[in-house]
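Have the sequence and the 3D view ready as you read.

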Amino acid sequence: MLHPFDIQGKKILITGASSGIGRAMAVVCSQMGADVCITGRNAEALAQTLEMMNGSKNTRIVADLTNNDAMNQLVNELPVLDAVISNAGINRRMITQFLKEDAMDNVLNTNLKAPIMLTKALLKAKKLNTGASLVFVSSIAAFHSSIGDGVYSASKGVLSSFAKVLAMELAPKKIRVNTIQPGMVRTGLTENGPLSEADYQKDEQRYPLARYGKPEEIAYAAVYLISDAACWITGTDLVIDGGISLI
């Protein structure tokens, strides 16, 4: 029987796996038989993710990817990988007039510099198999404007542009590079966010499909991009947003 979406036995690294979308990706990939290494800064939350996963070959490595020493240690401990999902990211809403440089640096270092430098380190250490798949979690904020999201949007827009260039650079090695651009997804960030539940429910009605996304729905897209079903897809931004970018 044909199983083009099969990822059984693939060795996958997922960053930002402590919660939310990253945790869902880790759980779903493990349920589909992949051997997953998860990483993040929160040791306790990362351990909770590991407990939720299927299989006995999954591992966790606590690392702050904005720290070069921690990143290099992570790379040294990794096996040769079939896929990398760079999901770690943060957002700090900042009106440009009141922008603080340290807050801006924090967003750019986490969302942009860290995944780029991690990719460089993996390539230099020859930790990517021929035919590997790299997936960067971007955002519809890269092209869908929202007041106060200037720095966040910039970080995600540049990440998407970087992925396209990287796709061309790595094509001779048959390594594919794509991004996922989610809209608003129901995670702990929304549950503990600045708005009330009633406000979030009202905002959901702006979406043509009348709801926010679920973390596992983004995870399914990642599985698609790292599977053989997507073996002729590279340099693409996969938008998953319930239709909000149509408005």
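A polar contact here is a pair of N or O atoms within 3.5 Å, where, within protein, one must be able to donate a hydrogen and the other to accept it. Keep in mind as well that this is a predicted model.

With that in hand, turn to Asn178, which sits in strand E6, the run of residues 176–182. A polar atom of the Asn178 side chain lies 3.0 Å from the backbone oxygen of Ile233. Is Asn178 buried or exposed? Its relative accessible area is 1%, and because buried means under 20%, Asn178 counts as buried. Leaving aside neighbours within four places in sequence, Asn178 is in contact with Leu134, Val135 and Phe136, with Leu225, and with Ile233, Thr234, Gly235 and Thr236.

Now move along to Ile180. Again leaving aside neighbours within four places in sequence, the contacts of Ile180 include Met25, Val135, Phe136, Ile218, Leu225 and Ile240.

Ile180 also brings us to the largest nonpolar core, which has 30 residues. Which of them touch the most other members? They are Ile12, Ile14, Met25, Cys29, Ile85 and Ile180. Two or more residues of this core come from each of strands E1 (11–15), E2 (35–40), E4 (81–86) and E5 (128–137), and likewise from helices H1 (20–31) and H8 (215–226). Another core, of 27 residues, lies apart from it, and among its members are Ile61, Leu118, Leu166 and Leu170.

How many aromatic pairs does a search of the whole structure find? It finds four. One of these aromatic pairs is formed by Phe5 and Tyr224; it is tilted, with 6.1 Å centre to centre and 40 degrees between the planes. Phe5 lies in the segment before E1 and Tyr224 in helix H8, so this pair ties together parts that are 219 residues apart in sequence.

Phe136 is buried, with a relative accessible area of 1%. Finally, Tyr200, Tyr207 and Tyr212 are linked by ring pairs into a cluster.

Terms used
Residues numbered from 1 in each chain as written. Predicted model: local features only at pLDDT ≥ 70, side-chain atom pairs only at ≥ 80, totals over all residues. Heavy atoms only, no water. Helix = DSSP H or I, 4+ residues; strand = E, 2+ residues; numbered from the N terminus. Buried < 20%, exposed > 50% of the residue type's maximum accessible area, 1.4 Å probe, protein only. Contact = heavy atoms within 4.5 Å. Core = buried A, V, L, I, M, F, W, Y, C linked by side-chain atoms within 4.5 Å. Phe/Tyr/Trp six-rings, centres within 6.5 Å; stacked < 30°, edge-to-face > 60°.
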